[in-house]
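Here is a short briefing on salt bridges. Start with the sequence and structure below.

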Amino acid sequence: MRYFNPDIETMPLSRLRQLQSERLRNLTAYLYERVPFYRKQLDEAGIRPSDIKGVESLHKLPFTRKFHLRDYYPFGLFAVPQQEVIRIHASSGTTGKPTVVGYTRQDIAVFSEVVARSLVAAGCQPGMKLQNAYGYGLFTGGLGLHYGAELLGMAVIPVSGGMTDRQLMLLQDFQPEAIACTPSYAQTLAEQLGHRGIGLDKLNLRTAILGAEPWTEAVRQQVEIGLGVNAINIYGLSEIIGPGVSNEDFEEKGTGSYIWEDHFFPEIVDKDTGEPVPEGAYGVLVFTTLTKQAMPLLRYWTNDITNIYYEHSEKRTHIKMGTILGRADDMLIIRGVNLFHTQVEAVISFFGQLSPSYQLIVSREGAMDGVEVKVELEPVFYRQLVLSGPWTEASANNPALYALHHELTKKIKDNIGLSMKITLCEPGSIPRSEGGKLSRVVDLRK
Ligand code: ADP
């Protein structure tokens, strides 16, 4: 099977636009009639549903923000009576109350379909087994992948997240061809296979479907080698539906993820002005759910920073999105250059001598912004250094450290375009918060 839904996935763009426009007109009228919040939003903006002729009028509509969902907690944005809702999910929400979303039977069918499309794009086929190591529960990942894989005709192993011993046992005993989990958990599994001396010949994995958090090409390499798979990106957020809003194709790896735009209409807007940016430029990703019933959203501000572009690939007509650079609130502006700490992380991850524990310290001297990168050495490398002489942070005293310092400084400057001060530190020496978390950015300018 090359596509789960060939008619839609290869639909000529002009027809796709007609379909999207028709759906948007219906949606605007539907929300105006059914959801007091949207009636108020449109009235305040002086827009009648009949003003929305098609997707080209979308920019007239106001944005929906995460705080709106919180203001109407838990069910205030639902557009259907409670009896029509057959599932409720909620996202963790780092501050206070979770973000709640609801689904009708039709919404679950759409959710399953976009996940099934995503799985086929990732290289899965009916008859294969999927070890689903996404968390089951209020989080949309577990059940989302589960229903999509069943619709495709895969056999789902619903192991949920964590319990590494059990995961490794099932991977060997049940021989699944595919696994779905977060990229960081895939790294853990790869490491544990190595530590326990379990050879890849004991496994049958071919595909890892990874998402729910940002990840880098270096992580992809590590997981691909460690698990013997194609590591494929899946993206989504519960407000829009869950995982499966977009997905990479295994034959076009590294070129972006197809957005299933017959259901989720994407825009990229400037993070400060909200104005649309040209195709390919970076900004905030905004989605309109064209077909949802229980809780459709108009122009939802995801706060994720990325870009979207048509590739005119042979395979599908739908638009692609690039990797998520970070959240709009995480974007630093250093001497006029936009910077995400994940860009530094991506460079660090290419050095085997460095651990993933790092911190950016941003300061201002006079009118100049400065960035110091503190990064901890990888423990085995550190022990070798200590054996070869007394440890000191001053890299000039040690040739191995000096070379590493020099290379990292250069690679950061080359890849990111900013000079940064590099400090190589002892493992565990960067202060953690009470929860054991390392703040990636300390901005002393504020
Ligand atoms: P929670 O907030 O509980 O984690 P969500 O599913 O709503 O649950 O989280 C969605 C967010 O996770 C997205 O807005 C995005 O920031 C991040 N995310 C999801 N998938 C990816 C991915 N493939 N790459 C980068 N970030 C991702």
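R196 is partly exposed, at a relative accessible area of 40%. Partly exposed lies between buried (under 20% relative accessible area) and exposed (over 50%), using a 1.4 Å probe and protein chains only. This is a predicted model, where local features need pLDDT of at least 70, side-chain atom pairs count only at pLDDT 80 or more, and totals for chains, interfaces and linings use all residues. Residues are numbered from 1 along each chain as its sequence is written, and side-chain values use heavy atoms, leaving out hydrogens and water.

**Salt bridges overall**
- A salt bridge here is a side-chain nitrogen of Lys or Arg within 4 Å of a carboxyl oxygen of Asp or Glu.
- The count by this rule is 25 salt bridges.
- One network of salt bridges links R2, E9, D249, E251, K315 and R316.

**R196 and D165**
- A salt bridge joins these two side chains, N to O, at 2.4 Å.
- R196 sits in the loop between α8 (183–195) and β6 (207–211), and D165 in helix α7 (residues 164–173), so the pair links distant parts of the chain, 31 residues apart; helices (H or I, at least four residues) and strands (E, at least two) are DSSP runs, numbered from the N terminus.
- D165 is exposed, at 52% relative accessibility.

**K315 and D249**
- Their side chains form a salt bridge of 3.0 Å, N to O.
- The two residues are 66 residues apart and link distant parts of the chain.
- K315 and D249 are both buried.

**D443 and R445**
- The closest N and O atoms of this salt bridge are 3.0 Å apart.
- D443 is buried at 16% relative accessible area, whereas R445 is partly exposed at 23%.
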